[in-house]
10 protein chains.
Amino acid sequence: MEFLVRSENQLPVDTPVERRQELRAGERARALELREAGVLKRLWRVPGRNATVGLYEADDPAALHDALMSLPMAPWLDVHVEALATHPQERAT
Amino acid sequence: MEFLVRSENQLPVDTPVERRQELRAGERARALELREAGVLKRLWRVPGRNATVGLYEADDPAALHDALMSLPMAPWLDVHVEALATHPQERAT
Amino acid sequence: MEFLVRSENQLPVDTPVERRQELRAGERARALELREAGVLKRLWRVPGRNATVGLYEADDPAALHDALMSLPMAPWLDVHVEALATHPQERAT
Amino acid sequence: MEFLVRSENQLPVDTPVERRQELRAGERARALELREAGVLKRLWRVPGRNATVGLYEADDPAALHDALMSLPMAPWLDVHVEALATHPQERAT
Amino acid sequence: MEFLVRSENQLPVDTPVERRQELRAGERARALELREAGVLKRLWRVPGRNATVGLYEADDPAALHDALMSLPMAPWLDVHVEALATHPQERAT
Amino acid sequence: MEFLVRSENQLPVDTPVERRQELRAGERARALELREAGVLKRLWRVPGRNATVGLYEADDPAALHDALMSLPMAPWLDVHVEALATHPQERAT
Amino acid sequence: MEFLVRSENQLPVDTPVERRQELRAGERARALELREAGVLKRLWRVPGRNATVGLYEADDPAALHDALMSLPMAPWLDVHVEALATHPQERAT
Amino acid sequence: MEFLVRSENQLPVDTPVERRQELRAGERARALELREAGVLKRLWRVPGRNATVGLYEADDPAALHDALMSLPMAPWLDVHVEALATHPQERAT
Amino acid sequence: MEFLVRSENQLPVDTPVERRQELRAGERARALELREAGVLKRLWRVPGRNATVGLYEADDPAALHDALMSLPMAPWLDVHVEALATHPQERAT
Amino acid sequence: MEFLVRSENQLPVDTPVERRQELRAGERARALELREAGVLKRLWRVPGRNATVGLYEADDPAALHDALMSLPMAPWLDVHVEALATHPQERAT
């Protein structure tokens, strides 16, 4: 099933540059793994914000939760998840 | 997977009594079927309101949607669904 | 550019069945055209609601507006649009 | 009577690991006691968040308050409680 | 247990005067009964609005729900209930 | 005149125990004085929160303000006041 | 004591012109009486809306309620009242 | 001074086509006059909605109010106005 | 033109007493100047809060902004401004 | 395409004066460049707040995002972007 995931990054502004870069690199690497595993399907930036909207696929909300918590930035992310239902128009395709 | 479903009944106050009773009877009958099918697991009233909170189980959001739309009152219900993840404490039980 | 489009259908409950079916058929047909034109890329149902979330692509907000207003249901849709920016992770792909 | 309890954990990100583990272990132990006492009946995770939704049973709001405040994490939890009424459908069961 | 009950009266402005007076008289009579039964303990008007805040006492939310629904105006009332816990300061008194 | 006063206590979690106890003791003592002066008439806990709802009586909003600011916890309280009007039902009693 | 009163006029657009003019004339006349009685002290328009902000003075919320309900438009007004406290700066003047 | 004006058009869907066209034509004509008078400086559509954002210039809020109320659609517009201050960066230009 | 100005004082609770007194004295002195200049016309306290509602008069929003920023407390004030239009009832007076 | 950009500056009050001046100077310089590049078209202050509303033009949301993130104050800005569609009235001009 698919989920729309809105995520605001609240890493403090005064986080040391090195720590920040390390977290970002880890985030990119883990996101890539989630893409390859078919969990992260699309990712957009919310313009003007340190925030993203993502389209995820997971077996259930618990699996999605585990995927999101595996991101190195997770402790600083304010995340809202919306479970979506496939629309009949698409099922028919 | 389980869903918390909040539902406000907005059937107009001036609906004829017969029509109202017919809808309520149909609603009860369908809810009973959903209970027996294991889809509707718990149902509470929001005190003071013509509204309910329900705990549902369905394979995915699309199946939940179909179950909710099968209720005779569906056209008058303002529904908000929240997908929940089983807590590890319970998985361990 | 891509847009996330949230759409609540507020067609009155007492709309005659024939009119409703006619509108729905027209909606499906127009949506199919928008899909084929690459404007409507994904469509989901918000479970429990007569509402959808769609992923659209259009040259600019004016073109998106025209596409959305070309839907036969448009006069009854309460629509909120969010313009999204491609994430660098995807640009790199 | 039953209560729906929504709880956001706001323990600071920079809490030392040991302190965090100690609090979590205490939380699990106390939650288990509340389960055995029939106070905590169900617990879900809000996917993507350090937050839970719980179904509690207590004699009255004061007893529920005391139960919630007995959790070691209580000082960091932002809690919202909703008192629910048994639905006649269930009373009839 | 005690409840704070906020109630907005949404009886349509164009309700015939007689019907309105009949409803108000019935409302007053039923409210008086609830007072005598110890269910309705205090009642205030929200200044400038056709709305009240009431302090109710009932065995549980289901009993409160039944009391509120017994008011003749109930179909036109938009009600929000908050369950309150006796404060230890008062228990000690 | 009467006021409904909602008060969230935002004393930081890491306030030293002694300071916290001193403030609580002072708060209880001052609240008792306000009770005896007929200013604080009822006090409830919002279950699950470090928050209260109180029923106050004061000559006017300025007198209420002075009473609330005389509480030792005042600098940490986030307070919302609602002025209520006696309901004619009660004036008639 | 003084109150800030925000009032949205929700008289239906299709109210016959004569009825509308009659209500407006009555509103002006009653507002003038409230001014002369010292109850209505200032009145502003919210630009772009059929809405006003007013500064009222009354003995208590019940007296304010009666004054507001004496306006011929009262059944169509959505009113929010805020009780204000004289600021010490002004008391000193 | 300049104002940002957000305007939602709530003309009922079932307004007869002729009446709707007459209103739209009148709206366009009056808007053109306001442009020529330097009152309406820019106008945008909110994509997906029957709504606009406009940049207006007027001597004061009362003059803006009169301009907005001179639009034939005014009775059906839900308008929110925000008064803006010229930024020093622009004053310096 | 007149403005309604709502201002929440967010000076940290742990600001040293001397600094706080110095700021308050400066605030009072500057407010007095604004009164004498006819900019600050009325000031109220929001009961229970470290907040005020003020009625200001200024040539335009930029002049109001400069006046508000001239207050020594400005860096700690969370301010919301509403531009009001003189009501025709008052213009006629 | 054009965007309305609302931006709240949350630079901490206790930022050293020098650092603050350096950031402001950099902000002005970069804003000037964006003006000259035709990206920043208008800028207003929200009266009473350390906040602005800006009218920007960019090829797409990603380009706008890059422009906004190029401002030295970006890490402290809370930004909300609204994509606007040119109104047919203006296209016709």
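Visitor: Which residue forms a salt bridge with D:R42?
Guide: That partner is B:E2, and the closest N and O atoms of the pair are 2.7 Å apart. A salt bridge here is a side-chain nitrogen of Lys or Arg within 4 Å of a carboxyl oxygen of Asp or Glu.

Visitor: What kind of model is this?
Guide: This is a predicted model, in which local features need pLDDT of at least 70 and side-chain atom pairs count only at pLDDT 80 or more, while totals for chains, interfaces and linings use all residues. Residues are numbered from 1 along each chain as its sequence is written, chains are lettered from A and ligands numbered from 1 in the order in which they are written, and side-chain values use heavy atoms, with hydrogens and water left out.

Visitor: How many salt bridges does the rule find across the interface of chain B and chain D?
Guide: The rule finds eight. It also finds 16 residue pairs in polar contact there, both residues being at pLDDT 80 or more. A polar contact is a pair of N or O atoms within 3.5 Å; within protein, one must be able to donate a hydrogen and the other to accept it, and residues adjacent in sequence count only if both atoms are side-chain atoms.

Visitor: Which element gives the largest share of the side of chain B that touches chain D?
Guide: β2(B) does, with six residues. Helices (H or I, at least four residues) and strands (E, at least two) are DSSP runs, numbered from the N terminus.

Visitor: How much area do chain B and chain D bury between them?
Guide: About 2,400 Å², of which 50% is on carbon and sulfur atoms. Of the area that chain B buries against chain D, 25% comes from B:W44, B:R45 and B:Q89, more than from any other three residues. Buried area is the accessible area (1.4 Å probe) that two parts lose on being put together, summed over both.

Visitor: What stands opposite B:W44?
Guide: D:T86 in β4(D) does. β2(B) pairs with strand β4 (residues 77-86) of chain D in the antiparallel sense, over two bridges. Two strands pair if DSSP finds at least two bridges between them.

Visitor: Turning to chains A and C, how many strands does the closed barrel have?
Guide: It has eight, with antiparallel pairing, in the order β1(A)-β3(A)-β2(A)-β4(C)-β1(C)-β3(C)-β2(C)-β4(A).

Visitor: Over how many bridges do β1 and β3 of chain A pair?
Guide: Strand β1 (residues 2-9) and strand β3 (residues 51-57) of chain A pair over seven bridges, in the antiparallel sense. A:L4 stands opposite A:L55 in β3(A).
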